[in-house]
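User: I've got a model open and I'd like to learn how to read its helices and its ligand site. Can you walk me through it?

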Amino acid sequence: MSHSDAAIEIVNVEHTYGGSTKALRGVNLTIGRGEFVAIIGKNGSGKTTLAKHFNGLLRPTNSDGQVRLHTGDGKTMDTRRSRLHHLAPTVGYVFQNPDRQIFHDTCREELEYGPRNIGVDPAALARSVSETLELVGLEGREEANPIRLSRGERQRLAIASTLIMGCDVAVIDEPTTGQDRAESRKILDSLAHHHARGRTVVIISHDMALVAEYATRVIAMRNGHVLTDGTPTEVFSQREVLQETNIRPPQAAVLAAELGLSAVLTVNDAVREMSNVRTHAHPNTPLPHGDKVY
Ligand SMILES: Nc1ncnc2c1ncn2[C@@H]1O[C@H](COP(=O)(O)OP(=O)(O)OP(=O)(O)O)[C@@H](O)[C@H]1O
């Protein structure tokens, strides 16, 4: 991948907490511009530590480890040599716990804070606040006090306050924690919308069905290393490798593999493949409708 295609370069990054807990043991990665990346792996494998390096919240603890951000307008920033407030507009980060980043009395003020700081025109901002709240399923809640929202709603507010910045890269640690299925899908759809505008999205997730459906690339971590990295199809077909980090591919993929069907990651893929098999076995059997089934 050339520099112009790269959004983030991670070179030989190690991170040791408190001088003894080795959370990252030499990670090399390039996140490309416009990718939708999911980082997966069991608890403690180093996912959050890695993601916090993407915008300088953490820095490599080894002297030769480097993280370089390449901005859309052609600048390169080394996170070790740049201040956090210069990095944040390029790479937005949403914490696993939304309460770490919500501190205003209304949703409107929460969403306006970041864009105001970078000089966005106030007239354009009002519209963009409403649109972004709608995008994450909080339409009409401009004047609501965030402390009165549910945890899932606060999570969506925190995501909205990052998306409204229009940053090149949005990194979201566990976007669907505390959300039901419909809310989770709403959140992933809002990230897909950001991605569709040519931006890069990185999520950390334990929800393999959603990872399979939305991500273009999956990076599996184990014990501070990248265990495997590829398209969802490539990564989820390595069932034995994934077992090393306690990951089970999406249930639809497991079921389809047991039935000898290939190219299946999602329930919709499974419906399509099973319909094909049935059609070939009984050509007159009508196909089920092709819309999403869940
Ligand atoms: N602030 C910290 N101080 C000391 N050790 C830490 C700190 N944060 C993480 N660790 C340790 O570093 C290792 C990697 O943790 P990390 O949170 O990056 O993993 P993770 O894969 O994101 O886990 P989870 O899925 O539980 O969020 C673990 O052993 C963890 O206990």
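Predicted model: local features only at pLDDT ≥ 70, side-chain atom pairs only at ≥ 80, totals over all residues.

User: Which element gives the largest share of the shell around the ligand?

Analyst: That's α1, with 3 residues. The shell includes Gly 44, Ser 45, Gly 46, Lys 47, Thr 48 and Thr 49, along with Tyr 17 and Asn 43. By class, the shell splits into 9 polar, 2 nonpolar and 1 charged.

User: How do I read two packed helices, then?

Analyst: You describe such a pair by the angle between the axes and the distance between them. Here α5 (residues 151-163) and α6 (residues 181-196) pack at about 5 degrees, with axes 11 Å apart. Angles under 35 degrees count as roughly parallel, and α5 and α6 are therefore roughly parallel to each other.

User: Which residues of α5 meet α6?

Analyst: Gly 152, Arg 156, Ile 159 and Leu 163 do, and on the α6 side they meet Glu 183, Ile 187, Ser 190 and His 194. As for the spacing, an α-helix has 3.6 residues a turn, so residues three or four places apart point the same way.

User: Is α5 largely enclosed or open?

Analyst: Largely enclosed by the rest of the structure, because 11 of its 13 residues are buried. Among the elements covering those buried residues are α3 (107-117), α4 (122-135), β7 (169-173) and α6.

Methods
Residues numbered from 1 in each chain as written. Axes fitted to C-alpha atoms, helices over the stretch in contact; angles between N-to-C directions. Helix = DSSP H or I, 4+ residues; strand = E, 2+ residues; numbered from the N terminus. Parallel < 35°, antiparallel > 145°, perpendicular 65-115°, else oblique. Contact = placed C-beta atoms within 7 Å. Buried ≥ 20, exposed ≤ 12 C-beta atoms within 10 Å, placed from the backbone. Near = placed C-beta within 6 Å. Nonpolar A, V, L, I, M, F, W, Y, C, P; charged D, E, K, R; others polar.
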